Protein chains: 2
Amino acid sequence: MSEVPSIRLYVDAALAEGAVIECDRAQANYLLNVLRLNEGREIALFNGRDGEWRARVERQGRKSALLSLVAQLRPQEAGPDLHYLFAPLKKARLDYMVQKAVELGASRLTPVLTEYCQVERVNLERMRANAIEAAEQCGLISLPLIDSPVKLVDLIGEWDKNRSLVFCNEKHEISGPVADLEGLQGGKMAVLIGPEGGFSPQEALLLQSQEFVTSISLGPRIMRADTAAVAALSLVNAVLGDWRPAD
Amino acid sequence: MSEVPSIRLYVDAALAEGAVIECDRAQANYLLNVLRLNEGREIALFNGRDGEWRARVERQGRKSALLSLVAQLRPQEAGPDLHYLFAPLKKARLDYMVQKAVELGASRLTPVLTEYCQVERVNLERMRANAIEAAEQCGLISLPLIDSPVKLVDLIGEWDKNRSLVFCNEKHEISGPVADLEGLQGGKMAVLIGPEGGFSPQEALLLQSQEFVTSISLGPRIMRADTAAVAALSLVNAVLGDWRPAD
């Protein structure tokens, strides 16, 4: 068996032995005219549900292609159960943040509207495209759920109390995030990052008064929200998640 | 005394009580024509050496401005002694990585040329501009040293043995980066991130055979180099650096 193909594509269709999938136009153009793949060249496919598959490209004229599934490369596996909640940022930084969250294994992305939020409308299709791009490039076979924006008070009101929420609070004293996270049991986790202006005093109080919330500090320097996102998700993975050896 | 001014500028000039500094043309244009600051408006200045100062803007016609120093806001303080070494990336990702490293307190940035490196030439002026931008926006008063690119073998040959080098090795078994870093004493630290293709087997062997090198794994998912940068610098800050309470 040859190596895992370096070209990876996300597709919507079900993936199974013997299936033949018709590419959408954009993908056909990418494979045939951008990458100029030869007939019979193999690529990897995933859909977020059926694992990763080796598929053969079959050209159908200049503008369309079929993908014939050859064999499963990896079964679908559950990634971390790690929700990432964030005040939406402006375009390029939001793109970047979504890509990073996916690389760090976030299983669900929830835009949260807060008082100091500077962006109210979120392009969910664009978020999804960024998530797919990150998964394609980083060899992932899971894709996060993507939620519509939700107000912070509603989010807190409807919270699943069995899920720990890590609140990255710029005004929290420097207590050491590793020690603070070690106090948690792991299990279902979520990380919340506020907008560039932080949370309002009322919002911070609301969060701190919840039993499922653990406040952490990310040190003495102000960081942009997208930096804080990577920092906090990395710490949760390293202290509680799958960056540790399996028990 | 009023609040710390929200507009912050880096200047080259010495900062001291009573000093008057002439803006360069780009900064004068930014203050007068982009921000449209009124005469007498106060901003914050830093130069990486003399702390942070409150300064009053004095307009001199449409294209030039003087900055009169009013009072020191903060003395210069030593940030972390944390070097960040990295295989250079292409433009936008390098910009981003430099900004992130500065936000995470890196005191020195060293581009390292490796076998699988896809970029050989680095625009040091552009790196410096990105470092300044991050410092201006994130309230920092230190700026990192910026080195010319160096080959990995030369870097290792000339290494200060008193500085620990954290080697983020994609092929390292998942051993938990928190536990691996806790084995270090802290003190002078450096973090090394390779190119998107990782290190060659010879390079990895060279690194692993050095006593000052600690290999860590950043988990089971492939991450882009700029994501790994933020993850690794965050972990070092959190486990060994100034994200913990002072002793």
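Predicted model: local features only at pLDDT ≥ 70, side-chain atom pairs only at ≥ 80, totals over all residues.
In what order do the five strands of the open sheet in chain B stand? The order is 1-3-4-5-2, and the pairing is mixed.

Strand 1 and strand 2 of chain B are its edge strands, each pairing on one side only. From one strand to the next, the twist averages 40°.

Further in, strand 4 (residues 52-60) and strand 5 (residues 64-74) of chain B run antiparallel and are joined by nine bridges.

Helix 1 of chain B touches strand 1, strand 3 (42-46), strand 4 and strand 5 of chain B, and its direction makes about 85° with that of strand 5 of chain B. Helix 3 of chain B touches strand 1 and strand 3 of chain B, with a direction at about 150° to that of strand 1 of chain B.

## The sheet in chain A

Chain A also has an open sheet of five strands, in the order 1-3-4-5-2 and with mixed pairing. Here the edge strands are strand 1 (8-10) and strand 2 (20-22) of chain A, and each of them pairs on one side only. The twist in this sheet averages 40° from one strand to the next.

| Strands of chain A | Bridges | Residue pair |
|---|---|---|
| strand 2 and strand 5 | three bridges | I21(A) opposite L67(A) |
| strand 3 and strand 4 | five bridges | F46(A) with E52(A) |
| strand 4 and strand 5 | nine bridges | R56(A) with S68(A) |

Two of these pairs form hairpins. Between strand 3 and strand 4 of chain A there are five residues, and in that turn G48(A) has a positive phi of about 85°. The hairpin of strand 4 and strand 5 of chain A has three residues between the strands, and there G61(A) takes a positive phi near 75°.

Helix 3 (residues 124-137) of chain A lies across strand 1 and strand 3 of chain A, and runs at about 150° to strand 1 of chain A.

## How the two chains are related

How do the two copies fit onto each other? Chain A can be laid on chain B with an RMSD of 0.0 Å by a turn of 180° and a shift of 0.0 Å along the axis. The two copies are therefore related as by a two-fold rotation axis. In chain A, A231(A) has the C-alpha nearest this axis, at 2.8 Å from it. Both copies use the same surface for their contact, as 100% of the contact residues of chain A recur in chain B.

## A cavity and a pocket

How many cavities of 30 Å³ or more does a search of the whole structure find? The search finds one. About 30 Å³ of space lies in the largest cavity. Its lining draws on both chains: R224(A) comes from chain A, while Q99(B), E103(B), E133(B), A134(B), Q137(B) and C138(B) come from chain B. Helix 2 (91-103) and helix 3 (124-137) of chain B are the elements that give two or more residues to this lining. The largest share, three residues, is from helix 3 of chain B. By class, the lining divides into two nonpolar, two polar and three charged residues.

The second largest pocket holds about 990 Å³ of space. It is lined by 30 residues, and those nearest its centre are S6(B), R8(B), E136(B), Q137(B) and C138(B). Strand 1 (8-10), strand 2 (20-22), helix 1 (25-34) and helix 3 of chain B each give two or more residues to the lining of this pocket. Helix 3 of chain B gives the most, with five residues. The lining of the second largest pocket has 15 nonpolar, four polar and eleven charged residues.

Terms used. Residues numbered from 1 in each chain as written. Chains lettered and ligands numbered in written order. Heavy atoms only, no water. Least-squares fit on C-alpha atoms with pLDDT ≥ 70 in both. Contact = heavy atoms within 4.5 Å. Pairing = 2+ DSSP bridges. Helix = DSSP H or I, 4+ residues; strand = E, 2+ residues; numbered from the N terminus. Axes fitted to C-alpha atoms, helices over the stretch in contact; angles between N-to-C directions. 1 Å grid on protein atoms, 1.4 Å probe; cavity = no way out; pocket = protein on both sides within 12 Å on 5 of 7 lines; lining within 4 Å. Points joined across faces, edges and corners; volume = space filled by probe spheres on them. Nonpolar A, V, L, I, M, F, W, Y, C, P; charged D, E, K, R; others polar.
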